[in-house]
Amino acid sequence: MEPSSVRPADEIESIVHTYGTTLFRLCLVMLGSESDAEDAVQDTILTYLQKAPRFTDTGHEKAWLITVAANRCRDMRRRWARHPQLPLETLERCGPDREDCGVLEALMQVPPRFRVVLILYYVEEYPMEEIARIIGRSVSAVKMRLQKGRRLLEEIYRKEYL
Amino acid sequence: MEDIRLKQAVQAIEMPRAMEERITERLCRAARRRPARWTRPAVAVLAAALSLTLAMPVLAAHVEPVYDLMYLVAPAMAQSFQPVRQSDQDNGVRMEVVSARIQGDSAQIYLTLQDLEGDRVDATTDLYDSYTVRTPYDTAGHCEQAGYDAETSTALFLVTLTHLEGQAMPGDKITFSLREFLSQKEERTGISIPADLSAVSTAPATQAVDLRGGSGEAFDESSFRALIPNLPENACPVEGFQLTSLGWVEGKLHVQLLVDDLLDNDNHAQLYLTGSDGTVLEPEASYSFWAENGSGDSYEEYVFSLSPEEAENYRLTGDFFLSGNRTQGNWKVTFPLEG
């Protein structure tokens, strides 16, 4: 796959349609703000268009976009004095029902470094090695974060929603 | 919780259709603007040439030499700039809008700042976020210094505005106003801070604080507790900063630095540990919070991941960025921006 540096409109539309929701899920859960998630998704795809990287297959392309989006979310969080709490009605507007919202609210209380690993492992179903590459940490660090993240998520969910 | 429930909950999130359309539209608009990139090297060359040439006293109180240089470097570009030459003076400093041009959905404005009474305008002069551009439409803008003439204490700035809707910039009146600027900025890097890391308390007193920011991979506001200042002597050799606390908290080395009067300057620092073999250990997180006395002082607390034994082989080091002078005034110029 060799993207050209200048993309026609239909190709941009196709990229947004193909990867928009995947990136939006990650960014919304990481940032806890619909508008910030929108900015992060847009920045990610803009970087993709500007850099026009070469990919071996669609899996490679998706992993690249997720890496850029995760980095973008991390950078945005660093600049915040306070981290927003996503209102329930905003979450519901994006699709989840009440029960799912409970899980998501608990997930968003898990510290970000564990949260991103949980999403990549349980939702995107990446292997540990790929997650390690995406977040720039060792495989053992990913295993530890996954273990601790899962424990934190269960504790928060049991305490607040059961 | 079953793994499947987590996956189901996250996958229930869909990007709203309206958002998808907005993003697509903005990206298409950005793609259409791509040919404009070809003009940027010319601007960069011009700015670089101005920076070099303005080392000579060519700018003075007049703007003709700027045009001469523009014609020399990029005649087509120079022709597209319209002379403005409107100025305002306050507190012994004159701000002059020299020239401006519209190009597609953006506008570029050259303006100068000249100290008529001293040397408050220098090569490090920074308007940071104290300028305002008023237009009848929404724009995004940024300002960068394009040159400096030491002989006349005159700094040249390039302001670039971009129409937020991506439409062609209409000719209209624009007001550029400035309320303060920073100058005499100084960087002091690799400064050794004589703190004894082998004698740091392993059970320091801590307190909950109201964080205003932070950074780092390990940043976690939910578990952070700040050190209570515990050092009787300030070991930081850089004026405007105080090393206020050291302590081991849950196996991590915490180093607390106080920045005096942050509200009135842009001073900041980055602390790190330097090993005896020259290796550098960066903090894994840092936390910022205001002093409680309302003075405008700000604390920065850095967290390092290493053991007390390893710490004995490191010394505390810092890069310090000081903005020495802050000049206030009220400068405002309204001028026509013509396409």
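Modeller: In this predicted model, five strands of chain B form an open sheet in the order E4-E7-E17-E13-E14, with antiparallel pairing. The edge strands of chain B are strand E4 (131-134) and strand E14 (280-281), each of which pairs on one side only. In general, the strands of a sheet pair through backbone hydrogen bonds, and the pairing may be parallel or antiparallel.

Leaving aside residues up to four places away in sequence, Tyr131(B) touches Cys143(B), Phe176(B), Ser177(B) and Leu178(B). Tyr131(B) and Glu180(B) are 49 residues apart in sequence, yet their C-alpha atoms are 7.7 Å apart in space.

Chain B has six helices and 17 strands. Of its 339 residues, 30% are buried. Among contacts in chain B between residues at least 6 apart in sequence, 67% join residues at least 24 apart.

Elsewhere in chain B, Arg85(B) lies in strand E1, residues 82-90. Arg85(B) has a positive phi of about 55° although it is not a glycine. Arg85(B) is exposed, with 12 other C-beta atoms within 10 Å.

The contact between the chains takes 38 residues from chain A and 31 residues from chain B. On the side of chain A that touches chain B, the elements giving two or more residues are helix H1 (9-31), helix H2 (34-51), helix H5 (98-107), helix H6 (112-123) and helix H8 (139-161) of chain A. H1(A) provides the largest share of that side, 11 residues. By class, the side of chain A that touches chain B has 25 nonpolar, five polar and eight charged residues.

One of these contributing helices, H8(A), also packs against helix H7 of chain A, residues 128-135, at an angle of about 100° with the axes 8 Å apart. H7(A) and H8(A) are therefore roughly perpendicular to each other. From H7(A), Met128(A), Glu129(A), Ile131(A) and Ala132(A) meet Val139(A), Val142(A) and Lys143(A) of H8(A). By class, this contact of H7(A) with H8(A) has five nonpolar, no polar and two charged residues.

The loop between H6 and H7 of chain A holds Glu125(A). Glu125(A) has a positive phi of about 60° although it is not a glycine. Glu125(A) is exposed, with 9 other C-beta atoms within 10 Å.

Key:
Residues numbered from 1 in each chain as written. Chains lettered and ligands numbered in written order. Predicted model: local features only at pLDDT ≥ 70, side-chain atom pairs only at ≥ 80, totals over all residues. Contact = placed C-beta atoms within 7 Å. Helix = DSSP H or I, 4+ residues; strand = E, 2+ residues; numbered from the N terminus. Nonpolar A, V, L, I, M, F, W, Y, C, P; charged D, E, K, R; others polar. Pairing = 2+ DSSP bridges. Buried ≥ 20, exposed ≤ 12 C-beta atoms within 10 Å, placed from the backbone. Axes fitted to C-alpha atoms, helices over the stretch in contact; angles between N-to-C directions. Parallel < 35°, antiparallel > 145°, perpendicular 65-115°, else oblique.
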